[in-house]
Amino acid sequence: MIHVKQVSKTYTRNQTSISALKPVDLHIRSGEIFGIIGHSGAGKSTLIRCLNCLERPTTGTVTVNGVDLTALHGKKLQAQRQQIGMIFQHFHLLSSATVFDNIAFPLRLAKADRKHIRERVEELAELVGLQHVLNQYPSQLSGGQKQRVGIARALAMKPHVLLCDEATSALDPETTRAILQLLSRINRELGITIVLITHEMQVIRDICDRVAVMDAGEIVEQGDVIDVFLHPAHRVTRQFVSQVQDDTHVRSYVESDAAKTILSISFKGDQTYEPVLFETVRDTGYSFSILQGTISKMKDLPYGQLLIELHGEQIDHEQVADQLRARGLEVEVMEWRS
Ligand SMILES: Nc1ncnc2c1ncn2[C@@H]1O[C@H](COP(=O)(O)OP(=O)(O)O)[C@@H](O)[C@H]1O
Ligand SMILES: [Mg+2]
């Protein structure tokens with residue numbers, strides 16, 4: 001779908017060069033929601049703007065649906081760009097135009113006829129839930145409604161790809177959830193591939209299939225969200241994962257003692273609802289306490305993570321870990337010290 005090969009970007013201003021993006025490789029599959037996460041300044045916007053050549057890469061190629069965008073200019077590039085919609089953190093709406101006219105903008109630019117424009121705008125307004133505000137102006141709308149206008153406008157030309165640059169970063173948590181649900185639906189029902197930039201791990205966890213982690217202009221880690229989430233390898237990834245896993249109270253509990261052996265257990269899918277943990281520990285004769293637990297969902301996949309402490313005489317942690325592993329759980333025996 002989207003193949004990024006050795007794409008880099010160097011900005012030059014007043015004889016100083018900023019290497020915003022080191023050469024990166026990326027493959028985004030048709031029909032997936034691909035997340036890109038990183039701190040401010042990591043190069044996320046630069047990378048996503050290279051995907052539709054809004055920013056021309058300094059090196060490398062970007063191929064979308066088999067067409068090398070970096071080889072195109074002018075009208076040919078514009079025509080290909082119609083296949084790629086984009087939405088932004090601050091919406092970028094025309095403040096002096098109604099919701100209808102904002103959504104109609106790309107259709108008018110493409111010289112569609114009046115009847116088609118009306119039908120298409122009404123269809124889009126219905127899709128994003130704005131049919132009752134078509135005559136209002138952006139200043140009369142809530143943040144969530146403004147982003148819905150942005151989404152409707154981005155979909156006007158029936159793109160195959162939707163690029164989202166921090167599309168929920170200006171919204172409150174509840175509105176964020178609603179917009180993410182809408183994006184999920186668009187992905188599922190219209191089959192549109194979505195590339196989504198964020199600095200919030202929760203956004204990645206809620207709707208993305210795969211994720212790339214960026215730091216200082218480089219992709220430092222990428223893979224299925226569930227794998228990156230349960231086994232973050234890079235320091236920056238671990239920071240992001242800890243955004244949604246608050247273990248501070250476990251730390252203070254452990255720090256009140258000299259050292260503790262703790263089992264870190266993760267499970268996914270149907271296992272999440274099975275009493276595997278209880279049964280295994282019962283068979284060993286130990287008891288246990290849960291120091292921290294999360295049962296949640298990654299996109300549609302249920303998963304759980306637990307930190308447990310075993311209680312009993314002469315505990316053989318490795319033996320318990322092996323028994324749990326034999327039943328399909330992922331287990332790590334961790335020595336926590338103060
Ligand atoms: N048009 C530009 N001119 C000069 N430097 C830029 C420009 N755009 C971005 N940068 C720089 O490139 C780096 C990456 O920026 P950006 O891609 O916006 O990161 P992010 O979206 O992850 O916050 C930053 O150091 C930023 O200051
Ligand atoms: Mg940015």
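**Helix packing and a cavity in a predicted model**

The axes of helix 4 (residues 114–128) and helix 5 cross at roughly 135 degrees and come within 9 Å. This is a predicted model: local features need pLDDT of at least 70, side-chain atom pairs count only at pLDDT 80 or more, and totals for chains, interfaces and linings use all residues. Residues are numbered from 1 along each chain as its sequence is written, chains are lettered from A and ligands numbered from 1 in the order written, and side-chain values use heavy atoms, without hydrogens and water.

Student: Is helix 4 roughly parallel or oblique to helix 5?
Tutor: Axes are lines fitted to C-alpha atoms, for helices over the stretch in contact, and angles run from 0 to 180 degrees between N-to-C directions. Under 35 degrees counts as roughly parallel, over 145 as roughly antiparallel, 65 to 115 as roughly perpendicular, and the rest as oblique. The angle here is roughly 135 degrees, so helix 4 is oblique to helix 5.

Student: Which residues of helix 5 meet helix 4?
Tutor: Contact means heavy atoms within 4.5 Å. Helix 4 brings R120, L124, L127 and V128. Their partners in helix 5 are R148, I151, A152 and L155.

Student: How many charged residues does that contact of helix 4 with helix 5 have?
Tutor: Ala, Val, Leu, Ile, Met, Phe, Trp, Tyr, Cys and Pro count as nonpolar, Asp, Glu, Lys and Arg as charged, and the others, Gly among them, as polar. The contact has six nonpolar and no polar residues. The charged residues number two.

Student: Are helix 5 and helix 6 roughly parallel or roughly antiparallel?
Tutor: Helices (H or I, at least four residues) and strands (E, at least two) are DSSP runs, numbered from the N terminus. Helix 5 (residues 143–155) and helix 6 (residues 173–190) pack at about 20 degrees, with axes 10 Å apart. The two helices are therefore roughly parallel.

Student: Which residues of helix 6 make the contact with helix 5?
Tutor: Helix 5 contributes G144, Q147, R148, I151 and L155. By class, the contact divides into eight nonpolar, three polar and one charged. From helix 6 come T175, A178, I179, L182, L183, I186 and L190.

Student: Which element gives the most to the lining of the largest cavity?
Tutor: The lining consists of C164, A167, T168, L180, L183, L196, I197, T198 and V203. With three residues, the most comes from strand 8.

Student: How many polar residues are in the lining of the largest cavity?
Tutor: Seven lining residues are nonpolar and none is charged. The polar ones number two.

Student: Is helix 11 oblique or roughly parallel to helix 12?
Tutor: Helix 11 (residues 276–284) and helix 12 (residues 317–326) pack at about 140 degrees, with axes 10 Å apart. That makes helix 11, relative to helix 12, oblique.

Terms used
On a 1 Å grid over the protein atoms alone, a cavity is a set of points where a 1.4 Å probe fits but cannot get out, and a pocket is an open set with protein on both sides within 12 Å along at least five of seven lines; lining residues have an atom within 4 Å of a point.
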